[in-house]
Amino acid sequence: MNTNDLKIFEAVAETGSFTKAASLMFTVQSNVTARIKSLEEEFDTKLFSRTSRKVELTSEGMILMQYCKQIQHLVEEAKYNIRSGENVKGCLKIGCIETTMVLKAPEILKIFEEKYPGIELEFKSDTRDSLIAGVLDYSLDAAFVSAPIIANGLEKINIKEEQLVILTSSKGPQLQTLLEKSPLKIVVFDDGCIFRERFESWLSHKGVMKYKGTVLNSFEGIINFVEAGLGISILPEEIVSKYYGGRAIKTYGLNKQLGTMNTVLVFRNEGPQSKALQCFIDMHS
């Protein structure tokens, strides 16, 4: 077995096809078949279930896939660290929840690039669960997410504490009056958003079970809808005061349990860290 065998294995798993994997790896299908057979003999197990339409990983194949990602990651890290010598180079893929992307990413990028010009930073915004999964499966090097973190295999560094507030239009009724309407109109991000989870928990705490949601994918859109009286929402107080202080928006505080959101930086805790990632971690320690 060599690392190229594992790359072929990953290609078959990702494409679901020996033919597509051969094209992806610039080889012939017979070679792909031979390399997968060799792996199955070495591990003494069936790695793929084959049908006339698709090739899928077996449970044993899924286990090997996790090790493959780790092995490939370590090989790439070794190349970077050996070739760079004393110079810190490389590319880091950093995940962010939406608030970190808006408030902190530009500042982080500017400071880090000035200090480490040889390291390229790529930022990706996504939901909390998707970002954690991305760190665990090696598609991200680290991510800024909201605590608490219960996933195994991750270390975390506390970054900041934010306060969430309920938003209503200052031109409309008071919050208590709005809560008495059925169904209540709310404006939220899509499923998986930590703000939406907190908002729905708060509504449940208030005894509001019937509500009609409008899903938007930007802070600006949510502010516009709330200001127009099309629903109430929840956002970090810092976002509202820093960027939307002049808008016709009224804010209401929440209790500490629901209103406090702690942002942490998470990264994998196994194996040696790359020089580039260690520099990024050190900057936030």
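Mentor: Before we start, a disulfide here is a pair of cysteine sulfur atoms within 2.5 Å. Keep in mind too that this is a predicted model.

Trainee: Got it. How many disulfides does the structure hold?

Mentor: The count is zero. Take C193, which is in no disulfide: the nearest cysteine sulfur belongs to C96 and is 14 Å away.

Trainee: Is C193 buried or exposed?

Mentor: C193 is buried, with a relative accessible area of 12%. C68 also counts as buried, because its relative accessibility is 0%.

Trainee: Let's switch to helices. At roughly what angle do the axes of α1 and α3 cross?

Mentor: Roughly 105°, and the axes of α1 (residues 3-15) and α3 (residues 29-43) come within 10 Å. That angle is why α1 counts as roughly perpendicular to α3.

Trainee: Which residues make the contact?

Mentor: On the α1 side you have D5, L6, I8, F9 and V12, and α3 brings N31, V32, R35, I36 and L39. By type, the contact of α1 with α3 has seven nonpolar residues, one polar and two charged.

Trainee: Now charges. How many salt bridges are there?

Mentor: The count comes to eleven. In general, side chains of opposite charge can pair when their charged atoms come close.

Trainee: Where do E114 and K110 lie?

Mentor: Both are in helix α6 (residues 105-115), four residues apart, which is about one turn of the helix. E114 forms a salt bridge with K110, with the closest N and O atoms 3.0 Å apart. Both residues are exposed.

Trainee: And what about E238, what does it pair with?

Mentor: E238 forms a salt bridge with K160, and their closest N and O atoms are 2.7 Å apart. This pair links distant parts of the chain: E238 is in helix α11 (residues 237-243), K160 is in strand β6 (residues 154-169), and they are 78 residues apart. E238 counts as partly exposed at 30% relative accessibility, and K160 counts as partly exposed at 23%.

Trainee: What do the side chains of E227 and R247 do?

Mentor: They meet in a salt bridge, 2.9 Å from N to O. E227 lies in helix α10 (residues 219-227) and R247 in the loop between α11 and β10 (249-253), so the pair ties together parts that are 20 residues apart in sequence. E227 counts as buried at 17% relative accessibility, whereas R247 counts as partly exposed at 24%.

Terms used:
Residues are numbered from 1 along each chain as its sequence is written. This is a predicted model: local features need pLDDT of at least 70, side-chain atom pairs count only at pLDDT 80 or more; totals for chains, interfaces and linings use all residues. Side-chain values use heavy atoms; hydrogens and water are left out. Axes are lines fitted to C-alpha atoms, for helices over the stretch in contact, and angles run from 0 to 180 degrees between N-to-C directions. Helices (H or I, at least four residues) and strands (E, at least two) are DSSP runs, numbered from the N terminus. Angles under 35 degrees count as roughly parallel, over 145 as roughly antiparallel, 65 to 115 as roughly perpendicular and the rest as oblique. Contact means heavy atoms within 4.5 Å. Ala, Val, Leu, Ile, Met, Phe, Trp, Tyr, Cys and Pro count as nonpolar, Asp, Glu, Lys and Arg as charged, and the others, Gly among them, as polar. Buried means under 20% relative accessible area, exposed over 50%, partly exposed in between (1.4 Å probe, protein chains only). A salt bridge is a side-chain nitrogen of Lys or Arg within 4 Å of a carboxyl oxygen of Asp or Glu.
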